[in-house]
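Here is a short briefing on one protein chain.

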Amino acid sequence: MRLYNTLTRSKETFNPIDPEHIKFYVCGPTVYDRAHIGNARPVVVFDILLRLLQHLYPKVTYVRNITDIDDKIIVASRERNIDIKTLTEETTKMYQEDMGALNAIPPSCQPKATDHIADMQSIIAELIEKGHAYAAEGHVLFSVKSDPSYGLLARLNRDDMIAGARVEVAPYKKDPEDFVLWKPSTFEQPGWDSPWGYGRPGWHIECSAMAKKYLGETFDIHGGGIDLIFPHHENEIAQSSCCHQKPLANYWMHNGHLVVNGEKMSKSLGNFFTVREKLADMPGEVIRLILMATHYRQPLDWTDQAVTQAKNILDRFYGALQGYEGETGSFSESVLEALQDDLNTPLALAHLHELTQSIYKAATDKEKTLYQQQLKSNGNLLGLLFQTPRQWFQENKTASLSPEDIHALINERRSTRESKNFKRADEIRQQLEEQGIILEDTVHGSTWKYK
Ligand SMILES: [Zn+2]
């Protein structure tokens, strides 16, 4: 398998630390609000990676954290006048439901930040001891100057970093680029006792602590959205590698931005959508397909056209699976090769299209069944095609007629033709054609297929 490593800016052969057990970590949600469609992209991308790794290796541990302590959470709980625990638990549950609707396998472990305060405090204490952090006015700050490797992932110069960190004027900072590991809380704010006073952790330290606890000091793959490279991932690396004198992760993978109709998604532009809102309009499988139709490192443009296209593709795939009730089989080499080449999902989908064509062109039933089995198996590897065609067409009536509707119309057409009502028979043919269904009259009766 080859993966693009943000650390080296190149595609590298994947060499696991232990081929018997792959370990990877993806930064999870801050649970104060519904996940938006951009939040779903890394979930789908790394779910495909998980499925591929599970096929290639005997054991995979996938950790995705839940940030349940954050200033945004404190603000949201005040605005909605509900306590923080209720807010974060409710939002976590909604997040898991929404991602489940996109057919994402739950990670092996979803640790919550608030359950790991002691683990964070122990890394902070060690960083102070080793001269990489200092306490000042109730805060603990990481000293960026103490880490000569700082900036290796983001490849920014010091001025960019200072600008990017959007540092406030803070008298307790020795250098403007230093970042917070621990900060004081007032008594109305959530907080924990610590050697540096009552307070709460900064965001970056939680990933260092939870990754260490569940995956060890160095693990294989760390993933997240491209916007996390700096400062979040840079800071995770600084904290962990200065604490352990080891790399945090060997491969760093980042998915590209998601835009809506070519524009950055924002509430003020009115193009901001939550996953839940989209799930009210379309099946989760359509959302999933859109999120994988573009290669994960490219920017992804969410458009109405992309939605229609994804629906049509799934109609076509499920249409080709009609009548197939067998088990799934092995994966095709071509699909595996595409995915093992830095998760080339567009190429993998192109192979699924080829299989669909082969199903329609198959000369014998045996051949057709074989291709159907391949389509279903490879679709499953991508987290698609788990439904039966009947379920798909019933749930997705807006896109097409269900197979039952089609058969009812075909039967009606046959009887109208028998009673010489050719006008009505033509109307039915027309009606089906408008729904993308082509009829073929044979000596044995009419068969149908999708356009
Ligand atoms: Zn993180």
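A helix axis here is a line fitted to C-alpha atoms over the stretch in contact, and angles between N-to-C directions run from 0 to 180 degrees. The model is predicted.

**Helix packing**
- Helix α1 spans residues 37-56, and helix α9 spans residues 284-293.
- The two pack at an angle of about 80°, with their axes 9 Å apart.
- Angles of 65 to 115 degrees count as roughly perpendicular, and α1 and α9 are therefore roughly perpendicular to each other.
- From α1, the contact takes in Ala 40, Arg 41, Val 44 and Ile 48.
- These meet Ile 287, Arg 288, Leu 291 and Met 292 of α9.
- By class, the residues of this α1–α9 contact are 6 nonpolar and 2 charged, with no polar ones.

**Strand pairing**
- An open sheet is formed by 3 strands, in the order β12-β11-β13, with mixed pairing.
- β12 (263-264) and β13 (300-302) stand at the edges.
- Each of these two has a single partner strand, so one side of each lacks a neighbour in the sheet.
- β11 (residues 258-260) pairs with β13 in the parallel sense, over 3 bridges.
- Leu 258 has Leu 300 in β13 as its bridge partner.

**Domains**
- The domain assignment gives domain 1 as 2-255, domain 2 as 283-395 and domain 3 as 403-450.
- The centres of domain 1 and domain 3, taken over C-alpha atoms, are separated by 58 Å.

Technical notes. Residues numbered from 1 in each chain as written. Predicted model: local features only at pLDDT ≥ 70, side-chain atom pairs only at ≥ 80, totals over all residues. Pairing = 2+ DSSP bridges. Helix = DSSP H or I, 4+ residues; strand = E, 2+ residues; numbered from the N terminus. Parallel < 35°, antiparallel > 145°, perpendicular 65-115°, else oblique. Contact = placed C-beta atoms within 7 Å. Nonpolar A, V, L, I, M, F, W, Y, C, P; charged D, E, K, R; others polar. Domains from an automatic or database assignment.
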